[in-house]
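I opened this entry to keep track of what I looked up, starting with charge pairs and ending with the chain as a whole.

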Amino acid sequence: SLGNQLKQVAKIMKLNQTPPGLGLVRQVFFVSQGGYDTHQDQLNDQGNNFTDLSAAMNAFYMATLELGLQNSVTTFTMSDFGRTLQPSGSGGGIGSDHAWGNHQFVMGAAVSGGEFYGRNNPNTGSKFPVHQFGGPDDTTTSVNGRGRFIPATSIEEYGVTLAKWFGVTSGDVPTVFPLIGNFEASPYPGLGFV
């Protein structure tokens with residue numbers, strides 16, 4: 001489970017603090033939680049996944065507090081796709097199809113929390129797309145579109161924000177994120193959430 005994966009990460013971080021320690025200066029850990037490809041039974045499946053995610057992230061953050069590492073650990077989510085606004089299927093087993101864009105969750109004492117971050121959508125002036133089938137942000141241009149919205153903020157901008165917090169210099173940003181020039185100009189400010 002996600003909670004057990006994060007527990008193992010916390011154990012490694014604790015081991016690194018305990019003499020003689022592991023001597024690790026910077027660490028990156030990847031954990032995963034599947035089950036978000038919800039073509040059916042979406043409300044139930046995502047509800048269960050979000051409950052597990054919330055409990056696991058809370059327990060992990062409490063572990064960083066216990067270890068005194070809360071200012072040095074940033075935890076974030078990443079997904080390779082979003083979901084359509086329009087459901088698919090019928091009856092009690094309704095789900096949704098693959099789409100673009102989604103929200104990510106970032107946690108840690110270094111995070112400027114309690115806000116939505118991203119570039120303002122030129123169609124709305126806010127961080128959110130126009131939630132209208134066939135509207136200006138729906139990639140399917142008909143009224144019968146599925147609600148596959150075009151993200152206003154790139155994954156590169158999200159990544160640059162995290163990478164700069166991690167120590168990547170502005171000069172190295174284009175090497176690490178070769179497409180960033182399509183979204184931001186040097187010195188690549190990122191989204192400002194850390």
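**Salt bridges**

I looked up Arg-83 first: its side chain meets that of Asp-37 in a salt bridge, at 3.1 Å from N to O. The pair links distant parts of the chain, with Arg-83 in strand β2 (residues 82-88) and Asp-37 in the loop between α1 and α2 (42-67), 46 residues apart. I use salt bridge for a side-chain nitrogen of Lys or Arg within 4 Å of a carboxyl oxygen of Asp or Glu. Helices (H or I, at least four residues) and strands (E, at least two) are DSSP runs, numbered from the N terminus.

The model is predicted, so I note its limits: local features need pLDDT of at least 70, side-chain atom pairs count only at pLDDT 80 or more, and totals for chains, interfaces and linings use all residues. Residues are numbered from 1 along each chain as its sequence is written, and side-chain values use heavy atoms, with hydrogens and water left out.

Is Arg-83 buried or exposed? Arg-83 is buried, at 17% relative accessible area, and Asp-37 is partly exposed at 43%. Here buried means under 20% relative accessible area, exposed over 50%, and partly exposed in between (1.4 Å probe, protein chains only).

How many salt bridges does the rule give? The count comes to three.

I went on to Asp-97, whose side chain meets that of Arg-146 in a salt bridge at 3.0 Å, N to O. Asp-97 lies in strand β3 (residues 95-99) and Arg-146 in the loop between β4 (106-107) and α3 (155-166), so this pair ties together parts 49 residues apart in sequence. Arg-146 is partly exposed, with a relative accessible area of 22%.

Arg-119 forms a salt bridge with Glu-157, and their closest N and O atoms are 2.8 Å apart. This pair also links distant parts of the chain: Arg-119 is in the loop between β4 and α3, Glu-157 in helix α3, 38 residues apart. Arg-119 is partly exposed at 33% relative accessibility, whereas Glu-157 is buried at 1%.

**Glu-156**

I then checked Glu-156, which lies in helix α3 and is buried at 14% relative accessibility. Which residues does Glu-156 touch, leaving out those up to four places away in sequence? They are Phe-177, Leu-179, Ile-180 and Phe-183, where contact means heavy atoms within 4.5 Å.

**Surface patch**

I found a nonpolar patch on the surface formed by Ile-12, Leu-15, Leu-22, Leu-24 and Phe-29, with about 400 Å² of accessible area together. Patches take residues with over 30% relative accessible area and no salt bridge, joining like charges within 9 Å and nonpolar side chains (Val, Leu, Ile, Met, Phe, Trp, Tyr) within 5 Å. Accessible areas come from the Shrake-Rupley method with a 1.4 Å probe, and for residues only the protein chains shown count as cover. Ile-12 sits in helix α1 (residues 2-17) and is partly exposed at 33% relative accessibility.

**Whole chain**

I counted four helices and four strands in the protein chain, in the order α-α-β-β-β-β-α-α along the sequence. The C-alpha trace spans about 65 × 45 × 25 Å along its principal axes. Of the 194 residues, 31% count as buried. Among contacts between residues at least 6 apart in sequence, 57% join residues at least 24 apart.
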